[in-house]
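Please read each numbered point with the model open alongside.

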Amino acid sequence: MSTTTNPTDVASHERREFIRATSAKSYTRRAWTSRLYLGALSVALLIAFVPLASILQNVVGHGIHYITWHYLTTPQQYPSITNPDNVGGIGNALAGTAVVDLGAVLISIPVALLLAMAMFEFTHRWVSAVRNAMETFIGLPSIVFGVFTYVSLVQTTHQFHAYFGSLALCFIMIPVMTINALAALRSVPDTLVEAGLSLGSRPSRVMLHVVIPAAKSRIFTGIFLAFSRAVGETAPILFVVGASDLVRFNPNAQATTLPSLMWNYLIGSYPSERASCWGIALVLMAVVLFFNVLSRVFIAFSNKS
Amino acid sequence: MSAITLVGLVVFYFLFVLAKNSIPGWSLAGWRIFYATGWNFGGGNYGALPLILGTLTTTFFALCLAVPVGVGAALAIVFLIPRRLQLAVSSLIELLAVVPSIVYGVWGALVMASLLGNHVEPWIQNVVHGSWPFNGAPTGYGLTLGAIVLAVMIMPIVTAISRDVIVAVPKELTEGALSLGATRGQVIRRVILPSCKTGIVGAVTLATGRALGETIALATVLGGVTQASPLPDRAFATGSTLAAEIALDFGAITGKAGNVLYALALILLVIVGVVTYFARSIIRRNQKQFS
């Protein structure tokens with residue numbers, strides 16, 4: 001019985017031959033198409049690096065010789081026709097940025113943490129509504145927050161304050177921090193929470209001593225991420241912080257920040273001002289990158305632990 | 001619970017304040033704000049059609065530039081770069097996402113503008129003999145430069161999200177196709193791209209939202225709405241966008257004119273709000289697909 005060839009085997013043998021032949025016939029064409037595809041992808045990757053290289057080269061190349069202690073600590077000067085190169089330093093803007101951003105962080109962190117904890121604890125339809133609102137806020141144009149802050153604070157008080165800028169930046173920072181903190185809290189294993197509760201701890205105690213310590217590094221990631229985004233924001237604070245050419249750390253006074261000084265220099269009329277933009281750009285990039293790298297370090301740290 | 005209610009109230013208050021303050025602006029500008037040309041804030045011409053069109057065209061052409069490059073770069077990172085280097089390469093590209101927008105503004109106005117105006121645009125005009133859409137004086141500043149700067153800003157968003165979606169495609173699909181004799185190009189074209197479609201569309205919509213609202217990077221590279229260029233009808237036209245014009249005109253507010261800018265902010269908010277809403281629902285649908 002088994003010595004005769006099974007008719008189905010013949011068919012499958014012929015099928016295999018047919019498939020092999022067809023595949024071989026088209027193989028050269030398909031291989032070249034594939035090479036074309038992969039070549040196009042490599043070109044896309046190379047193109048993606050061109051602007052990055054150009055920006056870094058220009059910012060570092062034009063900005064590096066500005067970076068002196070004197071430039072960083074003395075306030076800005078005003079160029080004039082008789083003295084067109086008199087731009088001074090950026091000390092006032094550096095101080096203003098420190099005040100505005102520190103204020104924003106001090107307001108945002110407790111609010112974002114409280115919100116995240118509330119959204120973690122409660123299951124109410126408001127929770128997903130707020131989450132949606134937060135995600136929408138992340139995508140909104142930042143100039144809208146500037147307009148809102150101007151309308152609701154500057155227009156009603158007829159004054160400019162550094163802390164108005166802090167409040168405007170909160171619109172940028174709180175959503176990013178809250179979404180990240182909520183994700184961090186939810187990433188803590190349920191077993192840990194349940195173990196804490198089973199020991200008779202109150203939910204608040206479990207939150208403070210179990211959930212938050214376990215989620216700590218991911219919460220910090222969100223904070224640094226939000227901060228690195230807010231430092232470079234120009235549009236929300238441009239209209240509300242006023243201007244100051246004194247190096248001072250007073251949230252109640254007017255302030256000039258790094259981005260707003262850069263904006264003024266960019267639309268200014270002296271070449272020395274536009275050249276000074278590169279110095280400010282380098283400082284700004286260094287600050288932003290520092291906090292971004294810090295957030296990545298915390299991500300790596302939280303993945304390890 | 002009360003904290004959450006508070007945020008809800010803040011959101012409603014936010015919309016309420018913007019809407020309320022824009023009312024005098026609507027009555028000052030009238031319906032002209034939607035169809036009249038020649039926006040001139042100081043001169044009292046509130047025809048915002050060139051701003052609306054400028055917003056839409058710069059965003060559209062930025063997407064045309066950024067999406068193929070961004071998705072291509074994401075595919076290249078996943079399929080061509082050794083696994084050990086993938087994180088480093090994608091982090092480098094995501095570096096572009098954290099560059100402050102004012103730095104893009106400086107780069108665009110001080111570097112790219114002279115490059116385009118002195119070399120690239122005259123060269124293109126020579127090649128096509130100045131026929132439409134490449135007619136008119138090449139100034140460097142304008143909607144072309146705006147689209148390029150925007151493209152550079154949104155490309156890392158497209159790359160980062162596309163990469164996440166591509167990595168999430170089940171290994172079995174790729175391996176199945178390869179074991180049937182498909183080439184890598186066929187796998188990308190027939191397996192990866194179709195199964196990533198909704199995710200990539202989500203990334204693009206998110207990038208669109210970012211591009212529509214970009215303010216500071218564009219304000220100094222677009223050249224402004226002028227008599228010579230009342231509408232963005234050619235490649236080298238100067239112009240402006242809704243967001244950029246709000247920033248540029250805010251210093252010159254007198255009387256009720258400021259409320260017209262709040263009306264612009266509201267128009268922008270509506271456009272962006274609609275786009276982000278769709279982006280989020282698309283991304284969420286895609287996440288469900290693979291989890």
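1. A residue is called buried if 20 or more other C-beta atoms lie within 10 Å of its own, exposed if 12 or fewer do, and partly exposed in between, with C-beta atoms placed from the backbone. By this rule Tyr265(A) is buried, because 24 other C-beta atoms lie within 10 Å. Tyr265(A) belongs to helix α10 of chain A; helices (H or I, at least four residues) and strands (E, at least two) are DSSP runs numbered from the N terminus.

2. The structure is a predicted model, in which local features need pLDDT of at least 70 and side-chain atom pairs count only at pLDDT 80 or more, while totals for chains, interfaces and linings use all residues. Residues are numbered from 1 along each chain as its sequence is written, and chains are lettered from A and ligands numbered from 1 in the order in which they are written.

3. On confidence, the model scores ipTM 0.87 and pTM 0.88. Chain B averages a pLDDT (the predictor's confidence in each residue, from 0 to 100) of 87, and 96% of its residues score at least 70. Where pLDDT is low, the predicted coordinates should not be read in detail.

4. Chain B contains 11 helices and 0 strands. Its C-alpha trace spans about 70 × 65 × 30 Å along the principal axes. Of its 291 residues, 49% count as buried. Two residues are in contact if their C-beta atoms, placed from the backbone, lie within 7 Å; among contacts in chain B between residues at least 6 apart in sequence, 79% join residues at least 24 apart.

5. How many residues does each chain bring to the contact? Chain A contributes 62 residues and chain B contributes 63 residues. On the side of chain A that touches chain B, at least two residues come from each of α1 (7-63), α3 (91-121), α4 (125-139), α5 (142-157), α9 (235-238), α10 (258-266) and α11 (271-304). The most come from α1(A), with 21 residues. This side of chain A divides into 44 nonpolar, 15 polar and 3 charged residues. Here Ala, Val, Leu, Ile, Met, Phe, Trp, Tyr, Cys and Pro count as nonpolar, Asp, Glu, Lys and Arg as charged, and the others, Gly among them, as polar.

6. Chain A is divided into domain 1 (7-66) and domain 2 (91-304), with bounds taken from an automatic or database domain assignment. The C-alpha centres of the two domains of chain A lie 41 Å apart. In chain A, 6 residues of domain 1 are in contact with 6 residues of domain 2. The domain 1 side of this contact divides into 4 nonpolar, 2 polar and no charged residues.

7. A nonpolar core is a set of buried Ala, Val, Leu, Ile, Met, Phe, Trp, Tyr and Cys residues joined through C-beta atoms within 7 Å. The largest such core has 174 residues, of which Met173(A), Met262(A), Ala281(A), Val149(B), Ile154(B) and Val158(B) touch the most other members. Helix α6 (residues 162-186) of chain A gives the most to this core, with 18 residues. Domain 1 (7-66) and domain 2 (91-304) of chain A both give residues to this core, so the core lies between them. Leaving aside neighbours within four places in sequence, Ala281(A) is in contact with Val59(A), Gly63(A) and Met262(A), and also with Val103(B) and Val106(B).

8. Is His158(A) buried or exposed? His158(A) counts as exposed because it has 6 C-beta neighbours inside 10 Å. His158(A) sits in the loop between α5 and α6 of chain A. Its phi is positive, about 55 degrees, although His158(A) is not a glycine.

9. Ala93(A), in helix α3 of chain A, is buried, with 29 other C-beta atoms within 10 Å. Not counting residues up to four places away in sequence, Ala93(A) touches Gln76(A), Thr256(A), Thr257(A), Leu258(A) and Leu261(A). Ala93(A) and Glu14(A) are 79 residues apart in sequence, and their C-alpha atoms are 79 Å apart in space.

10. The C-alpha atoms of Tyr265(A) and Ser217(A), 48 residues apart along the chain, are separated by 38 Å.
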